[in-house]
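The following note comments on the structure shown below.

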Amino acid sequence: LVADNVLKPGAPIFLWHVFVDPSYKSSVIRVSEFAVPSEDWMAVAIFQPIPSRSQSHETSSEEPPIKLVELSKEADRLRDRASTPGAVTFAEWAAFSQRMSASL
């Protein structure tokens, strides 16, 4: 899997999942945003099924931490607002990216 914009606007639950689940070998790549002086992340996750899990069809019932659920909701709100040009300022994106980075 390759996922772009996982820091801004953010995908904290996706990142949590691919880093916590032992079936994925994951890494984050820091990238510069096009035409904007800010950092974003891309995630690369390689699915490597664990034979005992895939044969028994077990899935993790572990839930993401509430802090990440709240961060995900905030990312969704910013993403919705950003669909209107100019609705989210660069300063808001920068502050949110800092919170995302610190929380992950």
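1. How many aromatic pairs does the structure hold? The structure holds one. Y24 and F47 form this pair, with 5.2 Å from centre to centre and 55 degrees between the planes, a tilted arrangement. The criterion is that rings of Phe, Tyr and Trp (its six-membered ring) pair if their centres lie within 6.5 Å; planes under 30 degrees apart are stacked, those over 60 are edge-to-face, and the rest are tilted. Because Y24 belongs to strand β2 and F47 to strand β3, the pair ties together parts that are 23 residues apart in sequence.

2. On provenance, this is a predicted model, in which local features need pLDDT of at least 70 and side-chain atom pairs count only at pLDDT 80 or more, while totals for chains, interfaces and linings use all residues. Residues are numbered from 1 along each chain as its sequence is written, and side-chain values use heavy atoms, with hydrogens and water left out.

3. Confidence is expressed as pLDDT, the predictor's confidence in each residue, from 0 to 100. The protein chain averages 89, and 91% of the residues score at least 70. Within the chain, β1 has the highest confidence, at 97, and helix α3 (residues 51–56) the lowest, at a mean of 61. Helices (H or I, at least four residues) and strands (E, at least two) are DSSP runs, numbered from the N terminus.

4. The sheet is open and consists of three strands in the order β1-β3-β2, with antiparallel pairing; two strands pair if DSSP finds at least two bridges between them. β1 (2–3) and β2 (24–32) stand at the edges with a single partner strand each, so one side of each has no neighbour in the sheet. β1 is joined to β3 (residues 39–47) by two bridges, and A3 stands opposite A43 in β3.

5. Helix α2 (residues 12–20) packs on the sheet and touches β1, β2 and β3, contact being defined as heavy atoms within 4.5 Å. The direction of α2 makes about 135 degrees with that of β2; axes are lines fitted to C-alpha atoms, for helices over the stretch in contact, and angles run from 0 to 180 degrees between N-to-C directions. The buried residues of α2 are P12, L15, W16 and V18, where buried means under 20% relative accessible area, exposed over 50% and partly exposed in between (1.4 Å probe, protein chains only). Their cover includes α1 (6–10), β2, β3, α4 and α5.

6. Four salt bridges are present, each defined by a side-chain nitrogen of Lys or Arg within 4 Å of a carboxyl oxygen of Asp or Glu. One of them links E39 to R30, with the closest N and O atoms 3.4 Å apart. E39 is partly exposed at 34% relative accessibility, whereas R30 is exposed at 60%.

7. A further salt bridge joins D76 and R79 at 2.6 Å, N to O. Both residues lie in helix α4 (residues 66–82), three residues apart, about one turn of the helix. An α-helix has 3.6 residues a turn, so residues three or four places apart point the same way. D76 is partly exposed at 36%, as is R79 at 34%.

8. E92 and R81 also meet in a salt bridge, at 3.0 Å, N to O. Since E92 lies in helix α5 (residues 90–103) and R81 in helix α4, the pair ties together parts that are eleven residues apart in sequence. E92 is partly exposed at 29%, and R81 is partly exposed at 35%.
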